[in-house]
Amino acid sequence: MQKKGKLELTWVGKYDEEKPVEPRILLEDTEKSYGDPDSENMLIHGDNLIALQALQQDFAGKIKCIYIDPPFNTGQAFENYDDNLEMSIWLNLMRIRLQLLRSLLRDDGTLFVHIDDSYLPYLTILLDEIFGRSNRLYLVTFKQGSATGHKAINPGMVTTTNFILVYSKVKAEWNPNRIFTDRGSRDKRYGNYIENIEDKCENWRITTLTAAFASSLDVSVKAARSIIKNEPQKIDEFVRDHCGSVIQLVNPDYKSVGATTREYIDKSNAEPDRIFVQKRDGLSDIILIRGKRIIFYKNKLKKIDGRYVTGEPLTTLWDDLLSNNLHNEGGVDFPKGKKPEALIKRCFEIATNEGDWVLDSFLGSGTTAAVAHKMNRRWIGIEMGEQAYTHCKKRLDSVIDDTDTNGISKAVNWQGGGGYHFYELAPSLLVKNDKLPIYQINPTYTFNMLCEAICKIEGFKYKPQDVFHGHSSEKRFIHVTTEFVNAEYVRSLSQHLDEGQSLLIYATKIQSDMMLPENIEVKKIPKDLLDKCNFESEVR
C-alpha cells in the first residue's frame with residue numbers, strides 16, 4: 001500500500017529545531033510618531049522576524065491583506081538589502097516569516113508575494129506547504145518594463161516581468177472585490193445606435209454608429225469616416241457621452257438559453273422588423289431584433305480612478321501599470337526596489353475595503369504604507385534598515401502633510417491627514433553577564449518593561465490592574481515581582497483571586513520549600529524564561 005504524502009520542498013537546515021525567537025515589546029518613539037495621535041497605524045523599525053512575533057498577541061487573525069516584496073536573492077548587491085543569501089538560508093528565513101504572516105491573516109484574508117522568476121518555483125512550493133495548495137489563487141504576471149535601453153542589446157530574450165503569487169488563508173471565506181481595468185480603446189464591435197432611446201423599445205429606430213456620429217456633427221457619413229480615422233478620440237468621446245444609445249447586436253447561444261428565450265428568438269426571426277422584449281424577474285430584460293440580442297455599451301463603461309472608461313474584468317496579466325516616473329513617487333530614491341503605487345492600489349482594491357488592516361513586513365521605501373494611507377486602510381509597516389527613517393518616515397510624513405502629489409494621490413483624491421505611531425523594538429529582555437556565563441535581566445529595562453516583556457513571552461495580555469500585571473483569560477492572571485517570594489507573599493496574592501481563578505507568579509527570588517495551592521504557579525527569572533524562547537538570537 002502506497003503511503004500518502006504531500007509535495008514538499010526540502011533543503012539543508014529546514015528541520016533543525018530551534019526555540020522561537022523572543023517576541024520583544026514595542027517601544028513608541030513619540031518624537032518620531034507623526035500626525036493624528038489617535039491613529040492606529042504603526043511604523044516599526046527593526047528586524048521583521050522579531051516584529052512579527054511581537055504582533056502575534058494583538059493582531060493574530062486580524063489582518064485583511066498582506067503584501068510583501070522580499071529580497072529576490074538575485075545575487076546582486078543592493079544598497080539597502082543583503083540580497084545574496086545562500087538558497088537554503090533564504091528559504092529558512094522566508095519559511096518562518098510566512099508562517100507568522102499566515103497566523104496574522106484573517107480567515108478571509110489575502111497574501112500577495114512579489115517575486116522574480118529565479119525563485120518563483122521554490123517560493124510556490126513553499127507557500128503551497130504553508131498555506132495549502134488549495135488556497136493558491138493566482139499567479140499574476142506584472143510587466144514592469146520594456147525591451148529598451150541596455151537590456152535590448154543582450155542576446156536572447158529580455159526579461160521585463162515579475163510575478164505576484166496570490167494566496168487566501170481560507171479559500172471558502174475569500175470574497176474579493178470585482179475589479180475592472182481600462183482596455184484603453186473603444187470596443188469597435190458596438191457599431192449601431194438607437195436614435196430615439198427615450199421612446200418605448202418597440203418603437204426604437206436603429207442606425208449605424210457612424211451615421212449617428214455624422215448627424216451629431218452635421219456632416220456627411222463620408223466626412224464622419226475621415227474624422228474617425230484622423231481624430232479617433234472624437235468618436236470615443238461620442239460613444240462615452242451617448243453610451244446608453246450605442247449598441248451591439250449579438251447572436252444568443254440558442255442551445256444554452258431557456259425555452260422561453262428560444263420562443264422569443266423564434267418570434268424575432270419570424271418578424272425581423274419588430275423588437276421583442278422578454279421581461280425577467282430579478283434579471284435584465286432580453287431585447288431582440290432579427291433574432292439578435294441588443295447589448296448596450298453603457299454596461300461596458302466602468303468608473304476607474306474617477307473617470308468612466310471602457311472596462312474589462314481584471315486578468316492575471318498586469319501590463320497596464322508600467323513604472324513611468326516611478327523615481328518621483330514618494331519623493332525618495334530606492335533603485336531597483338521601489339514598486340509603483342498603482343500596483344499596490346490594485347492589490348488593495350481586490351482584497352480590502354476602507355478601514356481594513358493591511359501589513360507589509362518588507363516595507364522598503366514605504367510604498368505599501370503610503371498607498372494604504374491614501375486609500376484609508378489601517379496599516380502596519382516593518383522595516384529593519386536605516387530607510388525606516390530616510391525613506392519610510394520621510395515619505396509617510398509627506399503623505400500626511402499632503403505634499404506628496406505623485407503616485408495614486410490624484411486617482412483617489414488624496415487631501416492629506418491622518419497619522420501613525422513610530423515604534424522601535426526593545427532590546428532583548430535577557431542578556432549575558434559581562435563576567436559570568438549566565439543570563440540576567442537587561443539593565444536598560446524598567447520594571448514596567450520587564451512586566452510587559454514577560455507577559456508577551458508567556459502569552460498574557462499586559463494590562464496592570466490591582467496586584468496583577470496581565471491576563472490570558474478571565475480566570476488566568478500573571479504577577480511579576482523583583483521582591484523575594486515566600487509563602488506569605490503567595491497567600492497575600494491569593495486573596496485577590498476569586499473561585500475558579502488561577503495565577504502565575506514570576507520572581508527573581510523564590511523560597512525553595514514552598515507548598516503552593518493548585519491554582520498558583522511560581523516561576524523564576526531568568527531560569528524559567530530561558531526555556532521559552534531564544535534570547536539574543538542572531539536574526540536577519
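How many helices and strands does the secondary structure of the protein come to? In this predicted model, the tally is 13 helices and 27 strands.

**View 1. The overall fold, seen through its dimensions.** The C-alpha trace spans about 105 × 60 × 60 Å along the principal axes of the protein. The radius of gyration is 31 Å, while a compact globule of 540 residues would come in near 24 Å.

View 2. Some 47% of the 540 residues count as buried.

**View 3. Contacts along the chain.** Take the contacts in the protein with a separation of 6 or more: 69% of them come from residues 24 or more positions apart.

**View 4. Asparagine 48 in helix 1.** Here we zoom in on asparagine 48, part of the helix that covers residues 48-59. Is asparagine 48 buried or exposed? With a relative accessible area of 6%, asparagine 48 falls under the 20% cut-off, so this residue counts as buried.

**View 5. The neighbours of asparagine 48.** Setting aside residues within four places in sequence, asparagine 48 is in contact with Arg97, Ser361, Phe362 and Ile382. With arginine 97 there is also a polar contact, side chain to side chain, at 2.6 Å.

Definitions and conventions. Residues numbered from 1 in each chain as written. Predicted model: local features only at pLDDT ≥ 70, side-chain atom pairs only at ≥ 80, totals over all residues. Heavy atoms only, no water. Helix = DSSP H or I, 4+ residues; strand = E, 2+ residues; numbered from the N terminus. Rg over C-alpha atoms; globule rule 2.2 N^0.38 Å. Buried < 20%, exposed > 50% of the residue type's maximum accessible area, 1.4 Å probe, protein only. Contact = heavy atoms within 4.5 Å. Polar contact = N/O pair within 3.5 Å; in protein donor to acceptor, adjacent residues only side chain to side chain.
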